[in-house]
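Try each one yourself before reading the solution.

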Amino acid sequence: MKFLPKNIIDFFLNTWGLFNFTKRFFIQFFRGKPEVEETIKQCFQIGYKSLPLVSITGFIIGLTLALQIIPTLDKFGAVSLIPQMLSIAVVREIGPVIIGLICAGKMGSGIGAELGSMKVTEQIAAMEVSAINPFKYLVVTRITAAMITVPILVIYADTLSLIGGYLSMSVNADMSIRLFFSEVFSTLTFEDFLPAVVKTIFFGFGIGLVGSYKGYNCSRGTESVGIAANSAVVAASLLVILLDLIAVQISTIIF
Amino acid sequence: MENNLAINIEHVKKSFGGNVVLRDINLKVYEGESLVTLGKSGTGKSVILQCIVGLLYPDSGSIYVYGKNIPKLSEDELQEVRKKIGFLFQSGALYDSMTVRQNLEFPLRRLTDLNDAEINNKVKDALESVGLYRAIDKMPSELSGGMRKRIGLARTLITDPKIMLYDEPTTGLDPATSREISELILKMKDKHKVSSINVTHDMECAKLTADRIVVLKDGVYICEGTFEELQKSDDPFVKSFFEGLNF
Ligand SMILES: Nc1ncnc2c1ncn2[C@@H]1O[C@H](COP(=O)(O)OP(=O)(O)OP(=O)(O)O)[C@@H](O)[C@H]1O
Ligand SMILES: [Mg+2]
């Protein structure tokens, strides 16, 4: 294997490891009693803590997006099209991807660091020797929680984003709230909404998976906790972008 | 094979990369016996304990716990064996996100069907036996290193294991507390007939608790015997452990 550069080998080893980790997730997910209580706790932990960041980002995206579009469309006298453009852009693409990336940063590093430090301080080993399955208790619950919370956060941020968009419209283009939202709701269809929600479930899965994988396989020594958290963010962000690409391809075929 | 063996290790080898840690480990622990392992830091004493509970796998050799060969077991079989084993980690390994009470309740709620009152009693007894009942509602981050280790011990003992593996139970504790812990280990042996392997540098603890002592050096056990026998040993390495002691 000498002739291959080390990072290429690492890449394939990581991919293989991630594949096995995924397999293990599905096996453990369906095996035995589900850890409902712990999953709810994790939803709160990873979801609720991302709320402030997600709220601010969501709101500002809509606000600035509308601000940017208004002068351009004003030239064509097409300002009334902005609610439609905004809702499509935000719901289909910008909301899921930006919030997905934010969650990749916040949740990916959080999960990676938490599991990493549990690994380093032998807490995972301690669970294992007391005949409790740490994979089910720690990993399955976190991945599931990310799959539940990311879509909710995205929908929530989309809403705030549209409110932000309305605010900038009402100030700069004197549009009423009624008109704005009736335009929004008459534009958005099930075909805009469903693929967006489905893909954010996958984003959540990817973020939880990568964060747990990096943390769970953290090597010995405290410095590796930082490495685990950091590489979790990088890998999770990349995964969100890749999943988005795939999701868009698939949804254009189906719809 | 003798059937009163709790643990039987045969020809175990283990290396990490190029670092050969265990060369040829052979060890028998009889039921109810308390065995102490001596050896320099970094010689693989913790690695042996981790191999016994299946946290690490040896490169070759067999490890029988009550006749079951640990490296060959399936995950479910391994879990069954682990229920009989208690493991005190060198670092205590308390769950950071839980209070002391939750730490102790955790294995009980998951592995037994005791009711709340019974669990409460057990938690109380276990904490009192390590002298830390007052810490019940604290978080692990609020505890000192020695307290963490004692809570770790309480959490391990609470499930009534048949085999105990102590990784340096008294390191970092003051002499008085060390003695209490040694006495607790002795009590576990006398009252509950627990078989144990105790890794320690604390010769007082060794003297008090050991039925038999083995000395690990360069990946093999170089000698074994009772405390008194080893004390008379001519081997300079073995002697070095007893130096400065006057019992
Ligand atoms: N999981 C692991 N991966 C790589 N090397 C390891 C691992 N566990 C232990 N080692 C190495 O094995 C050797 C023995 O480690 P071990 O922790 O068993 O020592 P020890 O005898 O318990 O020492 P101490 O008394 O300081 O606890 C060390 O050189 C350590 O670096
Ligand atoms: Mg050790």
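**Exercise 1.** In which helix is A:T22 found? Then decide whether A:T22 is buried or exposed.

*Solution.* Keep in mind that this is a predicted model. Start with the location: A:T22 sits in helix α1 of chain A, residues 6–29. Next, take its relative accessible area, which is 18%. Buried means under 20%, so A:T22 counts as buried. Finally, look for its partners: skipping neighbours within four places in sequence, A:T22 touches A:F205 and A:L209.

**Exercise 2.** Find out which protein atoms coordinate the magnesium ion (ligand 2), and where in chain B they come from.

*Solution.* First, pick out the donors: they are OG of B:S46 and OE1 of B:Q90, at 1.9 to 2.3 Å. Now place them. B:S46 belongs to helix α1 (residues 45–52) of chain B, while B:Q90 lies in the loop between β6 and α3 of chain B. As for solvent, B:Q90 is partly exposed, at a relative accessible area of 35%.

**Exercise 3.** Work out the strand order of the six-stranded open sheet in chain B, and see what lies across it.

*Solution.* Reading across, you get β6-β7-β8-β3-β9-β10, with mixed pairing. The edges are β6 and β10 (220–225) of chain B, each pairing on one side only. From one strand to the next, the twist averages 15°. Zoom in on one pair: β3 (residues 34–39) and β8 (residues 195–199) of chain B run parallel and are joined by four bridges. Within that pair, B:T37 has B:V199 as its bridge partner.

**Exercise 4.** Which residues of helix α2 (residues 75–82) of chain B are buried, and what covers them?

*Solution.* The buried set is B:L78, B:Q79, B:V81 and B:R82. They are on the same side of α2(B), because they span an arc of only 160° around the axis. Their cover includes α5 of chain A, along with β4 (60–65), β5 (68–69) and β6 (85–88) of chain B.

**Exercise 5.** Describe how β1 (residues 5–16) and β2 (residues 19–30) of chain B pair, and inspect the turn.

*Solution.* The pairing is antiparallel, over eight bridges. One example is B:V12, whose bridge partner in β2(B) is B:I25. Two residues separate the strands of this hairpin, and B:G17 in the turn has a positive phi of about 60°.

Methods. Residues are numbered from 1 along each chain as its sequence is written. Chains are lettered from A and ligands numbered from 1 in the order in which they are written. This is a predicted model: local features need pLDDT of at least 70, side-chain atom pairs count only at pLDDT 80 or more; totals for chains, interfaces and linings use all residues. Side-chain values use heavy atoms; hydrogens and water are left out. Two strands pair if DSSP finds at least two bridges between them. Buried means under 20% relative accessible area, exposed over 50%, partly exposed in between (1.4 Å probe, protein chains only). The arc is that of the directions from the helix axis to the C-beta atoms. Contact means heavy atoms within 4.5 Å. Donors are N, O and S atoms within 2.8 Å of the metal (3.2 Å for Na, K and Ca); water is not among the atoms, so sites may look incomplete. Axes are lines fitted to C-alpha atoms, for helices over the stretch in contact, and angles run from 0 to 180 degrees between N-to-C directions.
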